[in-house]
Amino acid sequence: MRIWLYFITQFLKTALGVLLFSLSLYFILTYMEDSQHYFNKYKPSNRTIFFYYFWQFPSIAVQFLPFSVLVAGIITNWILAKHGEIAALRAAGMSMLKISLPLISVGILFTAIQFTLSEIIIPNSSTQYLRVRNVEIEKKKPNNVFTESQWLKAPNTILHFHKYDENKQELVNIEYFKEENSKSLKQIVHAKSSYFDDNIGKWVLRSALVRQFETLNKITITEIKPLYVTNIDFAPPKILKRESESSQLSFWDLRRLIDEAEIAGTNISDRVVDLYMKISTPFANLLFVFLTLPFALKKERQEETYIGIVICLIAALIYWFGNMALRSFAVKGALNPFIAAWSMNVLVAMLSYLLIRKLDKGQ
């Protein structure tokens with residue numbers, strides 16, 4: 001147990017040191033860049049600048065966390081192997097799995113920490129950061145945000161709107177299609193704006209131009225109605241607030257948003273892949289621990305150490321850029337969101353297994 005505590009302590013000290021160094025370097029370089037261009041343009045106060053970086057800290061820390069675990073794993077395992085601790089334990093009859101349990105437990109801990117931060121801290125900090133950037137620095141109106149083209153569905157009807165004005169809570173430029181049955185179009189209604197009537201629980205079109213069809217492609221009646229009640233009963237839900245990034249939502253909030261969007265017939269493929277990545281991304285911490293375990297099995301040859309470091313760094317870059325590429329494919333509908341979120345995890349896990357198996361056999 002004392003040996004395990006020693007391993008864990010060494011790993012945690014190294015990981016936290018790497019994380020703090022990375023964050024310090026990032027914010028120093030970012031401030032140097034922002035002070036010359038961004039801050040020079042908008043002239044924010046020192047207090048505003050402080051909170052601009054303060055609210056960024058949790059999300060940036062989460063992004064650097066797997067990298068810190070990777071570097072800490074490389075350094076810790078290499079030092080343990082260099083000083084002969086690993087060889088001594090294996091000579092005493094301990095399996096590599098048992099020796100690795102302290103480091104694996106640290107990887108699980110960091111995985112849980114990243115998921116917890118993403119669920120509890122980051123949604124609020126991301127919202128506050130965007131508020132500081134958009135409202136306090138760039139002086140934008142906080143609620144004057146429009147939602148791009150969306151569709152809402154109900155039995156035998158489809159409502160398409162081009163924008164949603166969240167300040168007025170109105171739909172803009174509406175087309176409403178009503179079918180008599182699945183094969184016959186009954187009405188097409190156009191309106192410039194629409195509001196949700198809480199008393200009847202329906203969207204109501206203003207100054208609606210109604211075209212009534214007797215047969216296909218034959219208009220029998222065209223009239224203008226001051227108010228036209230639709231059968232769309234979706235109150236202004238979260239699916240209309242598309243200015244909210246996925247990072248501003250917890251897993252369960254994002255899950256509810258997706259459920260509402262699916263009922264309304266809205267395309268939210270980007271939200272679906274982000275939901276899966278909220279689960280898959282924290283596992284990078286555990287996977288990178290496995291990726292660094294071969295350093296504990298390496299013999300004292302510098303060239304092998306350098307090659308191993310290069311392999312780990314390349315694998316990490318492939319992991320991050322691969323996730324970005326796969327996400328873009330999933331958003332475009334070319335790839336299943338679940339596969340896009342978990343493919344790189346599986347790839348890194350397989351690479352770690354092959355490296356450990358090869359070195360554990362003494363090859």
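Here are legends for a set of views of this predicted model.

**View 1**
Welcome to the predicted chain, which holds eleven helices and seven strands. It has 363 residues, and 43% of them count as buried. The accessible surface comes to about 20100 Å², with 62% of that belonging to carbon and sulfur atoms. If we take the contacts between residues at least 6 apart in sequence, 61% join residues at least 24 apart.

**View 2. The largest nonpolar core.**
This core has 30 residues, and those touching the most other members are Phe 11, Phe 39, Tyr 52 and Phe 110. At least two core residues come from each of helix H1 (2-36), helix H2 (38-42), helix H3 (46-54), helix H4 (57-82) and helix H6 (96-137). H6 gives the largest share, eight residues.

**View 3. A closer look at Phe 11.**
Which residues is Phe 11 in contact with, leaving aside its neighbours within four places in sequence? They are Val 69, Ala 72, Gly 73, Thr 76, Leu 103, Val 106, Phe 110 and Val 289. Two residues meet again here from the previous view: Phe 11 and Phe 110 are both among the core members that touch the most others.

**View 4. Helices H1 and H4 where they pack.**
The axes of H1 and H4 lie 7 Å apart, and the two helices pack at an angle of about 135 degrees.

Definitions and conventions:
Residues numbered from 1 in each chain as written. Predicted model: local features only at pLDDT ≥ 70, side-chain atom pairs only at ≥ 80, totals over all residues. Heavy atoms only, no water. Helix = DSSP H or I, 4+ residues; strand = E, 2+ residues; numbered from the N terminus. Buried < 20%, exposed > 50% of the residue type's maximum accessible area, 1.4 Å probe, protein only. Contact = heavy atoms within 4.5 Å. Areas by Shrake-Rupley, 256 points an atom, 1.4 Å probe, with all protein chains shown as cover. Core = buried A, V, L, I, M, F, W, Y, C linked by side-chain atoms within 4.5 Å. Axes fitted to C-alpha atoms, helices over the stretch in contact; angles between N-to-C directions.
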